[in-house]
Amino acid sequence: MAYKVPFVDVPTHFRRLQTPIIETITQVLSRGNLILRDELREFEKKFASFVGTQHAVGVNSGTDALYLSLIAIGVKPGDEIITVSHTCIATVAAIVNAGGIPILVDVGEDFNLDVTQLEEAITPRTRAIMPVHLNGRACDMDHLMSVAQRYNLTVIEDAAQALGARYGGRRVGSFGLVAGFSLYPFKILGAFGDAGIVVTDNPEIAKKISVLRDYGEDRETGEILYFGFNSRLDNLQAAILNLKLQYIPEWIERRRAVAQMYREGLSGIPQLRLPHFSGDKYFDVYLNYCVCVVDRDELVSHLKECGVEPLTPISLAKPLHRHDALGLERFSLPQTEKIAKEFIYLPINPEMNDEQVQYVIECLKNYYRKAKLK
Ligand SMILES: *Cc1c(COP(=O)(O)O)cnc(C)c1O
């Protein structure tokens, strides 16, 4: 069955830009520009300038962006890296694969690292903090950066979900020594496949990652500097990403408008906790519209019956530190556990029209009207 309101809508996304996308593909292929060519360099330049950093280096996923960042800052076996459990497993996997030990901190009501619990997680072995700007909302970066400075810790931002989000006027990705973004199809800026990118102001780190992603070989000198990887951002994808990047401010405005419609339509329902949080320094981009409810399963089946497709990623519904194979059960994170039981993502994307948003609102209102009658 096709949903009336699908969670994401690739065909509509493609149709809206079909002509320029096909032109771009034709141009790139006619020139034969496949690997590490001008299109990639141009995209990297524009992406860095959008975020507000000096450098950007395209890689083949957000996971690799984080992993290569950790390798580039020289994480050593046993170094502790503080992050959260309420995130994509890729955040924690990157830490472990780079030889680090993940130290998991609980989150606050906005689903992001609770900075008031940061200091107690620091030990003499702490090397870095990896804040995750979840759902398109920045972490409290004033507090986080000041703790990092006081303890001389490196900050690596996991900005995979938050391209364009701001804190105090600055875009996420420009706070830490280095930051990783995902360009997975369903992030704020998505390729038609896997892609990721690292940003930094530090020229040595940018250079090291650009060498590491390309077998460890310095293309300028021919010298092999490291045992590297193959994690290049595909040139054809870069050309398409470059085209899409110009629409990002418009797409973010549309996400914010949908969020505002949800807010107006749903704020009268006390059983729904909506993702609108206090703090005037924040500019949220709503990659996800994450609501919390106590009767999730019933609500999800009701929405599906109405033809609305919500999402509850299974890997978040069971917190990472509860997956036996990972050996992370020593952390006690009550807020993370509570959110895991209660959260649902409602559809939100730039392709949704007003009627679809209103339809989702009506379905939710009907559900709670019925619930009251029971
Ligand atoms: C998507 C995501 C990643 C991983 O990015 P990929 O491009 O899928 O490898 C890492 N961290 C967070 C928070 C994400 O949402």
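Predicted model: local features only at pLDDT ≥ 70, side-chain atom pairs only at ≥ 80, totals over all residues.
## Helices around the ligand

How many residues surround the ligand in total? There are 15. The closest are Gly62, Thr63, Asp158, Ser182 and Lys187. Sorted by class, the shell contains 7 polar, 6 nonpolar and 2 charged residues.

## Polar contacts and cover

Now look at the oxygen atoms of the ligand. One lies 2.6 Å from an N or O atom in the side chain of serine 182. An oxygen atom of the ligand is also 2.9 Å from an N or O atom in the side chain of lysine 187.

How much of the ligand does the protein cover? On its own, the ligand has 380 Å² of accessible area, and the protein covers 91% of that. The ligand takes up the space of the largest pocket.

## Salt bridges

Salt bridges are another feature to look for: the structure holds 18 of them. One links aspartate 79 with arginine 127, and their closest N and O atoms are 4.0 Å apart.

Where do these two partners sit? Aspartate 79 is in the loop between H4 and strand E2 (80-84), while arginine 127 belongs to strand E4, residues 126-129. The pair is 48 residues apart and links distant parts of the chain.

Definitions and conventions. Residues numbered from 1 in each chain as written. Heavy atoms only, no water. Near = heavy atom within 4 Å. Polar contact = N/O pair within 3.5 Å; in protein donor to acceptor, adjacent residues only side chain to side chain. Areas by Shrake-Rupley, 256 points an atom, 1.4 Å probe, with all protein chains shown as cover. 1 Å grid on protein atoms, 1.4 Å probe; cavity = no way out; pocket = protein on both sides within 12 Å on 5 of 7 lines; lining within 4 Å. Sits in = over half its atoms within 2 Å of the grid points. Nonpolar A, V, L, I, M, F, W, Y, C, P; charged D, E, K, R; others polar. Salt bridge = Lys/Arg side-chain N within 4 Å of Asp/Glu carboxyl O. Helix = DSSP H or I, 4+ residues; strand = E, 2+ residues; numbered from the N terminus.
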